[in-house]
Amino acid sequence: MSASAGPTPPPAFSPTGTFVPGEPWSSGVRRGADGALSVAGVDVRELAVGQGTPAYVLDEADLRERARAYRRAFEAAFAEVGAGVDVYYAGKAFLSVAVARWVHAEGLRVDTATGGELAVALRAGVPGEHIGLHGNNKSDAEIARALEAGVGRIIVDSLVEVERVAAASRARGGAPAPVMIRVTTGVHAGGHEYISTAHEDQKFGLSLATAPGAEAEDSPAMTALLAVLAHPELELLGIHSHIGSQILDPSGFEVAARKVLELRAALAERTGHLVPEVDLGGGYGIAYLPGEAALDPDRIAKDVAASVAASSADLGTPLPRFSIEPGRAIVGPAGLTLYTVGTVKPVRVAGSAGEDESTIVRTYVSVDGGMSDNIRPALYGAGYHAELANRLSDAEPVLARVVGKHCESGDVVVHDVLLPGDVRAGDLLAVAATGAYGRSMASNYNHVPRPPVVAVTDGATRVLVRRETEDDLLALDLG
């Protein structure tokens, strides 16, 4: 297992007026001589006029390059150890018909978590065999739709689901349904507890551990694997593991992979069936603030490839075909959210011990969106970075909190950032790295219509997902 020093702790907030291209912004973001930001050659002021605000802005070239980088890095690293690998784009981060087409054109497959995501991937023309279906509580209709579409894998998440997929496959007839068993390895990785998915006390997967005092019994994971092998309607394609999200230390992937390969070897020793595939999940971390460093795909690919090769050699089993599922790492940095400033309000706040409270002022900068277009700061305490996007300013910076328009005190977009002291109504603010989980987790809280997703490339714009309107909201209300 390789050593890792971990990410460099970011500053509590970032100074303004020092914009540097690169993380956490997409590769196409620049600041012009007049102070305005542009994305892929498109001035954000033009975007605001043409598309309104708030708006999600997606840098197509940047997204495609990140998809290529992960595919190339993992294909090269795993080829060196004699293994094949498939890269699945985790659609839950953000999925639209265009994005599904882009990533598939770059050689990625598409991982879906619901029937809705499956419908989008199919509408995009992604072949069924290049789609996977996840979900801890799939409906019978979702399972049937996946089988009808000929998906390449259904990731089974519980013992009862083994029986439900087998029944659906039997009813349909034809070839056995290809399934993987999702296991929980006990490796706890990632950021907030809510996005760490491999510890025992949570809803996903089947544990590798046996109950205390029941060492002679099979683990839930082994029980599920044996159950699949007992069903002629099912094809046991492999074992799946996903340990968390926003992971910045690769050692967790290596420990989890070892546990999955040990389970694979134990199943083979017991039954003679050596599953052909192992999925190592996703969760690769990105930079959200200046000073943070994203996981490097070349580094993580080489580290994990070397680790699985060593583990397989120790176990005396040939390497399986592997797959991974990056989502945030591909779409997150490719996106930003553009807002218009409204109310600006200085608020006195308590200082640290011994300080005069009246000397500390936080400037609350309200924008025309908020928790309905980015719930992550309210849900996870997630940190983001904002910049004044429409002009230059030589005003002294002030400690600011960017907040939304919703009827919640926790409606925070950026908790702490330095913005020019003359920030005012009508200014544009850009918030970096919102491509993942912004639009996909958006809501209509307070009956606010959801923003559009606008793609930019080579100086041109294209609306991928149109802005919702009040008519859209009212159309669902039948009175």
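The model is predicted: local features need pLDDT of at least 70, side-chain atom pairs count only at pLDDT 80 or more, and totals for chains, interfaces and linings use all residues. Residues are numbered from 1 along each chain as its sequence is written, and side-chain values use heavy atoms, with hydrogens and water left out. The protein chain has twelve helices and 21 strands. Helices (H or I, at least four residues) and strands (E, at least two) are DSSP runs, numbered from the N terminus.

**Burial, surface and contacts**

- Of the 479 residues in the protein chain, 53% are buried. Buried means under 20% relative accessible area, exposed over 50%, and partly exposed in between (1.4 Å probe, protein chains only).
- The chain exposes about 19600 Å², and carbon and sulfur atoms supply 52% of that area. Accessible areas come from the Shrake-Rupley method with a 1.4 Å probe; for residues, only the protein chains shown count as cover.
- Among contacts with a separation of 6 or more, 71% link residues 24 or more positions apart. A contact means heavy atoms within 4.5 Å.

**Nonpolar core**

- In soluble globular proteins, nonpolar side chains tend to be buried together.
- The largest nonpolar core here has 124 residues. Such a core is a set of buried Ala, Val, Leu, Ile, Met, Phe, Trp, Tyr and Cys residues joined through side-chain atoms within 4.5 Å.
- L58, F78, Y89 and I181 have the most contacts inside this core.
- Leaving aside residues up to four places away in sequence, L58 touches residues including F94, W102, V331, V453, A455 and L464.

- Strand 20 (residues 453-457) is mostly covered, with four of its five residues buried.
- Strand 4 (residues 55-59) pairs with strand 20 in the parallel sense over four bridges. Two strands pair if DSSP finds at least two bridges between them.
- L58 has A455 of strand 20 as its bridge partner. A455 is also among the residues that L58 touches.
- Strand 20 runs antiparallel to strand 21 (residues 460-465), and five bridges join them. V453 is bridged to V465 in strand 21.
- These two strands form a hairpin with two residues between them. In the turn, D458 has a positive phi of about 50 degrees.

- Three strands form an open sheet in the order 1-2-3, with antiparallel pairing.
- Strand 1 (29-31) and strand 3 (42-43) are the edge strands, each pairing on one side only.
- Three bridges join strand 1 to strand 2 (residues 37-39) in the antiparallel sense. V29 stands opposite V39 of strand 2.

**Backbone exceptions**

- Most residues other than glycine have a negative phi, and most peptide bonds are trans.
- The E23 to P24 peptide bond is cis, with omega near 5 degrees. P24 sits in the segment before strand 1.
- T53 and P54 are also joined by a cis peptide bond, with omega about -5 degrees. P54 is in the loop between helix 1 (44-51) and strand 4.
- Y437 has a positive phi near 65 degrees. Y437 lies in the loop between strand 19 (428-432) and strand 20, and is buried at a relative accessible area of 12%.
- H447 has a positive phi of about 60 degrees. H447 is placed in the loop between strand 19 and strand 20, but is exposed at a relative accessible area of 61%.
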